[in-house]
Amino acid sequence: MSGSATTALAVVLIIAPLLPSLASRTVAFITGRRGAPLLQPYRDLVKLLGKRAVYSRTTTGVFRAAPIAVLATPLLAAALVPFDGHGSLAGFAGDAIAFAGLLALGRMLLALGGLDTGSSFEGMGASRELAFASFIEPALFLCFAALALTTGELSLGRMLGGAIDRGWAQAPASLAMVGVSLFVVMLAEASRGPVDDPATHLELTMIHEVTILDHSGPDLAFLLYGSALKFALFAALVVDTLMPRTGWPTPLAVAALIPALAVVAVLVGVIESTFARLRLVQVPQFLAGAAALAALGVILRVR
Amino acid sequence: MLLAAIVVLPVAGALGAWFDRDPGRRTVWLLGGALAHLSLVALAWRFGPGAPGFGWLAFDPLGGLVLTLVSVVFVAVACYAVGYLRREAPRGGHAFVSCMLAFLASASLVALTRHFGVLWVGMEATTLATAPLIYDPTDRRSLEAVWKYLMICSVGIALALLGTFFLATAQLAGSGGPTTLMLPDLIANAHGLHPAWLRAAFVFLLIGFGTKMGLAPMHTWLPDAHGEAPSPISALLSGALLNAAFLAVLRGFQVVHAAGLADFARPLLIGFGVLSLVVAAAFLLGQENYKRMLAYSSVEQMGLLAIGVGLSGVAAYGALLQMLGASLAKAMLFLAAGNILIGFGTKQTAEVTGLLKRLPVTGTLFVVGLFAITGSPPFAVFPGQVVMLTGAVHAGRLWIALVMVVLEATVFMAMGASMLGMVLGAANAAPRPSPEREDRWLIAPPLALMLLILLLGLYVPAGLHQALAAAAATLGGGAP
Amino acid sequence: MERTGEVLLLLVLMTDFAVLVTDRLSTCIRIMAAQGVLLGLLPFASGAAIGVHTVVLSLGTIAIKSIVLPRVLSWAIREAEVRRELEPSIGPIGMVVLGLVAVGVAFGVATRLPHAGATVLPGLVPVSLASLMMGFVVLTTRRKALSLVIGYLMLENGIYVFGLTLAGAIPLLVEMGVLLDVLVGVFIMGLVVFQIHRQLETQDSRRLTELRD
């Protein structure tokens with residue numbers, strides 16, 4: 001059990017940078033371009049790790065702590081997610097809250113790092129990042145609440161690993177809504193369209209990109225890998241919710257994760273290329289819709 | 001068969017008037033339909049009460065009283081309309097007569113049916129049949145009135161449909177016989193109905209049909225619709241439609257009473273009734289539009305009826321008597337107001353003076369109507385109100401009697417001040433050339449109604465007394 | 001059968017939410033047409049016995065609620081040239097929150113109600129109440145005359161869903177009478193909406209304030 005969990009975690013850690021790359025490649029394919037090679041992120045990471053970070057004179061330790069936090073928090077959170085569809089590496093009752101808390105911690109340090117540069121520009125990015133988070137987090141908590149109510153379990157590993165089958169038998173409607181809601185949360189957390197545009201470098205439209213603008217070298221590599229890992233974590237949550245693999249033999253369950261994650265990434269790319277990026281005022285409405293869907297899942301279950 | 005004819009005959013008349021090419025003959029359809037209906041209703045009193053029901057239709061004293069009232073008011077309005085149509089283009093144009101007769105059919109259906117679903121369909125049909133009569137596409141005030149009338153009444157009535165469904169659920173969930181929604185079944189098995197669903201059903205029926213009846217705070221459409229409608233239509237709304245809605249509320253109360261839950265329903269009726277009295281009195285003070293003044297007086301009358309039934313005992317008898325007298329008086333007042341509007345061309349109380357000199361007959365009718373509607377002897381409203389007050393005192397509800405007396409006095413002063421101001425005084429320059437002589441068609445119907453009120457005030461025939469007592473008995477009341 | 005019914009009910013709720021957040025009137029009309037189809041299919045999945053009654057009711061509902069009424073309302077807004085709800089008093093997020101409150105209350109109330117028919121779909125009562133309350137939300141927050149008609153339709157549809165729990169206890173003729181009343185009612189409302197626009201050059205029902213005391 002823990003052996004397969006370790007294997008699955010290792011697989012996810014390895015393929016994480018592929019997900020944003022695959023999504024962008026899909027967008028390129030649909031819009032008729034060739035796009036960057038799939039393995040480009042790995043090359044970028046290697047290149048960045050070999051360089052030296054440059055720090056502005058105005059920055060302090062907060063700026064340097066941000067990339068480490070952004071890398072460390074999803075790594076820790078990854079231990080709580082049952083990638084193999086059976087159980088997680090670590091887990092305790094209520095660890096879903098810890099999962100959300102870790103990601104919030106990473107986000108807070110990223111925002112502080114942005115503010116630390118003293119640039120009005122990064123400050124704007126930080127403010128947007130946090131403003132949207134205030135809509136993402138309720139949705140996430142409502143999703144977890146609905147999952148806990150439908151499965152009767154309190155830890156992520158047990159909810160998505162063991163009891164999710166029972167949940168589908170009892171409250172399919174609630175779980176379907178949770179799945180859709182989690183997907184939207186993933187789009188926002190991974191800074192993909194229609195919430196954010198990872199390809200933009202126009203100041204007024206950037207959200208995530210602008211916050212990491214001043215980072216360089218290994219720091220930037222940490223940030224890129226950290227956000228790719230966050231994408232993978234949420235994609236895995238979506239896969240675990242919509243495709244319960246409790247009954248499958250563990251090697252098959254681990255193996256099935258890879259194509260499933262790929263499908264999610266392609267789907268993200270398709271959505272990004274079919275829907276126009278939302279105006280900034282519409283993003284909260286979009287995220288509130290996801291929260292409402294999850295809330296409906298909770299209400300249907302509470303009765 | 002006779003009962004079906006009462007409903008079908010006006011429908012046939014409506015169709016006949018619609019397909020008749022000659023506009024002049026439409027008034028013949030209207031008068032013919034009205035008189036034929038009245039004679040059928042008279043026949044129904046002769047044969048109806050003892051006869052078995054016909055499908056969804058049945059004749060009982062309560063429904064019969066409302067049916068007769070509707071028919072009498074309709075005949076008066078139809079006669080008045082003959083004269084009215086010579087002066088004013090009818091709202092609804094081609095469909096005017098058809099809509100009037102369709103209203104008569106749907107109100108008769110409401111009065112005669114013993115099936116709650118059919119009752120609802122008939123009630124909503126009265127709204128739809130009367131809306132075109134208020135609707136004048138060139139006048140934005142009329143548009144506003146018809147819009148409020150349609151929206152508020154439709155939403156209210158929709159809630160009554162929910163109440164009807166709750167009633168069926170009370171039958172389904174309880175142990176009381178088949179789920180038929182038939183009044184006799186409901187009353188016979190009343191104790192088997194599920195009490196919680198029955199309570200919910202009554203609340204929704206009261207709010208829903210109460211909206212149509214004009215109980216505060218759902219009354220807001222009423223002054224607008226009555227104020228903007230052509231005067232004969234206002235008379236029809238006040239004298240016939242509101243009573244049909246009141247009957248629908250009473251049908252719900254009959255079931256609740258039979259189930260032994262009357263103690264739950266009474267405070268609700270009294271609460272809505274008192275609120276209606278207060279609202280009506282407040283808006284009557286300083287009311288500048290005499291048609292709206294009459295409309296608020298209708299709100300007050302409906303409030304009194306709700307209180308009377310809520311008090312039960314002899315007060316229920318009083319309320320029914322009051323319903324007869326006040327409806328006839330109100331119809332008469334609206335017809336007289338129509339004459340004033342034709343003569344003076346304004347609805348503003350302040351612009352009308354010297355009514356007695358300008359339009360002597362109408363002026364007299366107006367003064368008599370004021371005393372009749374506010375419950376002065378010797379008119380028909382007076383005995384009803386006395387019986388109701390007696391009922392309140394006997395029931396130990398002194399405070400209700402006190403509230404009624406105080407608010408009635410307020411209403412009398414408010415209406416008296418503005419109506420006497422219109423009637424007395426010098427005849428000022430006419431804003432519109434007044435007809436040399438008051439038209440007989442416009443004078444005779446309100447005069448006839450006034451005579452009827454006077455007669456009923458002086459003497460209640462034995463047959464009517466029995467019918468009133470029998471109807472009150474189904475509401476938990478008794479004869480004085 | 002029960003699964004299908006639950007899916008249909010869920011879709012009814014979703015269409016209600018869609019109306020709450022949509023400010024384009026023509027889209028609202030289309031959503032209501034879709035809801036009409038869902039309502040027409042519901043009697044087959046509500047657990048009641050299927051007979052002539054069910055078929056006629058279903059066909060009548062679909063014909064009136066998803067074909068005739070949408071056409072009437074579309075005609076009214078096309079002729080009156082109105083497109084959008086004017087500056088809604090409550091934004092989409094607020095509307096969704098109100099809708100969620102309605103759903104929560106509806107489900108809360110429905111579980112406390114004494115059980116009605118044992119044979120029917122359990123979701124009918126809560127969805128009916130939720131739909132009813134969301135209709136009231138639309139009626140009280142929207143300004144355009146046409147939006148109020150749509151709110152009335154939502155309310156009416158909620159009551160229709162409740163009627164399905166009675167599973168044939170209401171005679172077919174009465175049900176058709178109810179449908180006919182709704183049809184004629186909305187038809188006249190559509191006509192008035194059109195005239196209000198012609199008269200006022202705007203459909204804002206809050207400008208209908210001449211009649212007051």
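1. For chain C, the unreviewed UniProt entry lists residues 7-32, 44-68, 89-110, 116-139, 146-170 and 176-197 under "transmembrane region". The model to be set beside this record is a predicted one, and the annotations themselves may be inferred rather than shown by experiment.

2. Two of the listed spans can be compared with the coordinates. In residues 146-170 of chain C, the end C-alpha atoms are 31 Å apart, and the span is 76% helix and 0% strand.

3. Taken as a whole, chain C has 7 helices and 0 strands, so that, by the DSSP runs used to assign them, the order of elements from the N terminus reads α-α-α-α-α-α-α. Of its 213 residues, 53% count as buried, and among contacts in chain C with a separation of 6 or more, 77% are between residues 24 or more positions apart.

4. Turning to the interface, 10 residues of chain C are in contact with 10 residues of chain A. On the chain C side, α1 (2-21) and α4 (92-112) each supply at least two of the residues that touch chain A, with α4(C) giving the largest share, 8 residues. Sorted by class, this side of chain C has 7 nonpolar, 2 polar and 1 charged residues.

Terms used: Residues numbered from 1 in each chain as written. Chains lettered and ligands numbered in written order. Predicted model: local features only at pLDDT ≥ 70, side-chain atom pairs only at ≥ 80, totals over all residues. Contact = placed C-beta atoms within 7 Å. Helix = DSSP H or I, 4+ residues; strand = E, 2+ residues; numbered from the N terminus. Nonpolar A, V, L, I, M, F, W, Y, C, P; charged D, E, K, R; others polar. Buried ≥ 20, exposed ≤ 12 C-beta atoms within 10 Å, placed from the backbone.
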